[in-house]
Amino acid sequence: MGTDFEKMMNDKMENASLHDVLPGFDKDQAWDELSEKLPAKKKRRVVPVWWTHAAAVVAGVLIGSVAITTILNNDDKQAEQQVTIANKPVAPQVIVKTDTVYVTKEVEVPVVQPVAAPLQPVQKQQVVVAQQKEVAQPVKKKDQAPAIVTETLTEEKTVIAKAPVKKVKPVHLLDIENEDRNTALYQSDPSAKVRSGFALQISAERLPASNQHASSIFHGFKKSK
Amino acid sequence: MTLRTTHTINEQELIASCIDGERIAQRQLYDKYIDFMMLTCLRYIPNAEDAREVMMDGFCNCFKNLQKFEYRGDGSLKAWMKKIMINQCLMFLRKKDNILAGANELDYASDVALDNDAIGRMSVKELMALIHSLPDGYRTIFNLYTFEGMTHKEIGVLMNISDNTSKSQLHKAKALLQKTILDHSKNN
């Protein structure tokens, strides 16, 4: 009975129409109220054809300008990178250094002596003339010991070289008159002549100031000879 | 208006148009199912105005959630929309009052011998009135079991009651309805 009851109820309601149950129901009014609650449809904008062409042209110009700007920016960045790389002390660097080459040349330099000093003869002296020469050398890295760069020698340094010792005739101050005897002696023994001259030089240099007169006499005598 | 007059597109195309927001397609879908959905709401909600409001809210939910619907053949859209309407009705009843409140206070008659032609002689309007006379709890469980074909387990989950409560409520609803129909047939 129960199953039949439910089946009969179901069949009866399946074939029912809304007009039979609720005759005054206004579908259109219900739809108007319902459509107001529904979200509005997205309206599609109709774009004319010439607008698309204009948009294409504008888009092309924009893309071109952006591309050019991008390329220029990239060039600037690359230049900056190159400069940065050049500043890095990675690659070996060559710098010009100067070196000095000495050339000797004989010049006559007057010997200036103090008044108190004994007069000396003019002697030929060797003068070293400095010449600059450029030498290329690699520079050591920074992290290593700092590179020592010799400064350029701009001044000519004078090195006084000793002139060859000339023969000095040994003369004893007290035995000037015995010159003939000493000459004869040296002629017989040259080694003795040398020893005697050396002794005479030393004695002249060590001559005290009180004996200046004697020394001048000695030099005058030597010149005259 | 072309869609309303020709009816040349199938249901899937109609659904796609409704998802796109085509008012004409939505109106066509509304016209197609308005009677069935309104009757469904009227079975659960006796007041016609309340049923109308609930039906409109149900349609609105259908259109808004139509992109989630998966078409599985003829009748799938109708069943999906009907489910939405029933949920809308249950939500309305839950807001209004406790559905099961007062159901146990009624004395229900035991099973009565009901003439098979008694229901056939009644009109749909009279039958609907008798259903409306049931308490909300009885009526809801009777509708879910008789017209929607749900099991007691499904009804228990949907209404948050036990299976036995659903069975008991259904038994009382049927007995009361049969007695009412019998009295109605005797009076007429």
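Predicted model: local features only at pLDDT ≥ 70, side-chain atom pairs only at ≥ 80, totals over all residues.
Local features are reported where pLDDT is at least 70 and side-chain atom pairs where pLDDT is 80 or more, whereas totals for chains, interfaces and linings use all residues. Residues are numbered from 1 along each chain as its sequence is written, chains are lettered from A and ligands numbered from 1 in the order in which they are written, and side-chain values use heavy atoms, with hydrogens and water left out.

Chain B has 10 helices and zero strands, and from the N terminus its elements accordingly read α-α-α-α-α-α-α-α-α-α.

Burial was assigned from relative accessible area, with buried meaning under 20%, exposed over 50% and partly exposed in between (1.4 Å probe, protein chains only). Buried residues make up 16% of the 225 residues in chain A, while 47% of the 188 residues of chain B count as buried. Contacts, defined by heavy atoms within 4.5 Å, were also sorted by sequence separation. Among contacts between residues at least 6 apart in sequence, 68% in chain A join residues at least 24 apart, and in chain B the corresponding share is 67%.

Two helix pairs of chain B illustrate the packing. Their axes are lines fitted to C-alpha atoms, for helices over the stretch in contact, and the angles run from 0 to 180 degrees between N-to-C directions. The axes of helix α3 (residues 23-44) of chain B and helix α5 (residues 76-96) of chain B come within 10 Å and cross at roughly 40 degrees. This crossing of α3(B) and α5(B) is right-handed, the term applying where the near helix is turned clockwise from the far one by less than a right angle, and left-handed where it is turned anticlockwise. On the α3(B) side the contact is made by Leu29(B), Tyr33(B), Phe36(B), Met37(B), Thr40(B), Cys41(B), Arg43(B) and Tyr44(B), and on the α5(B) side by Leu77(B), Lys78(B), Met81(B), Lys82(B), Met85(B), Ile86(B), Cys89(B) and Leu93(B). The residues of this contact divide into 12 nonpolar, one polar and three charged, where Ala, Val, Leu, Ile, Met, Phe, Trp, Tyr, Cys and Pro count as nonpolar, Asp, Glu, Lys and Arg as charged, and the others, Gly among them, as polar.

In the second pair, the axes of helix α7 (residues 124-132) of chain B and helix α10 (residues 163-187) of chain B likewise come within 10 Å, with a crossing angle of roughly 135 degrees. The two helices α7(B) and α10(B) are therefore oblique to each other, given that angles under 35 degrees count as roughly parallel, over 145 as roughly antiparallel, 65 to 115 as roughly perpendicular and the rest as oblique. The crossing of α7(B) and α10(B) is right-handed. Here Glu126(B), Leu127(B), Leu130(B) and Ile131(B) of α7(B) meet Leu177(B), Thr180(B), Ile181(B) and His184(B) of α10(B), and the residues of the contact comprise five nonpolar, two polar and one charged.

Within chain B, Arg52(B) forms a salt bridge with Glu53(B), the closest N and O atoms being 4.0 Å apart; Arg52(B) is buried at 9%, whereas Glu53(B) is partly exposed at 34%.

A further salt bridge links Arg139(B) to Asp136(B), with the closest N and O atoms 2.4 Å apart. Arg139(B) and Asp136(B) both lie in helix α8 (residues 136-146) of chain B, three residues apart, about one turn of the helix. Arg139(B) counts as buried at 1% relative accessibility, and Asp136(B) as partly exposed at 24%. Salt bridges that share partners also join Asp28(A), Arg27(B) and Asp31(B) into one network. Helix α8(B) is itself mostly covered, nine of its 11 residues being buried, including Tyr138(B), Ile141(B), Phe142(B) and Leu144(B).

Terms used:
Helix = DSSP H or I, 4+ residues; strand = E, 2+ residues; numbered from the N terminus. Salt bridge = Lys/Arg side-chain N within 4 Å of Asp/Glu carboxyl O.
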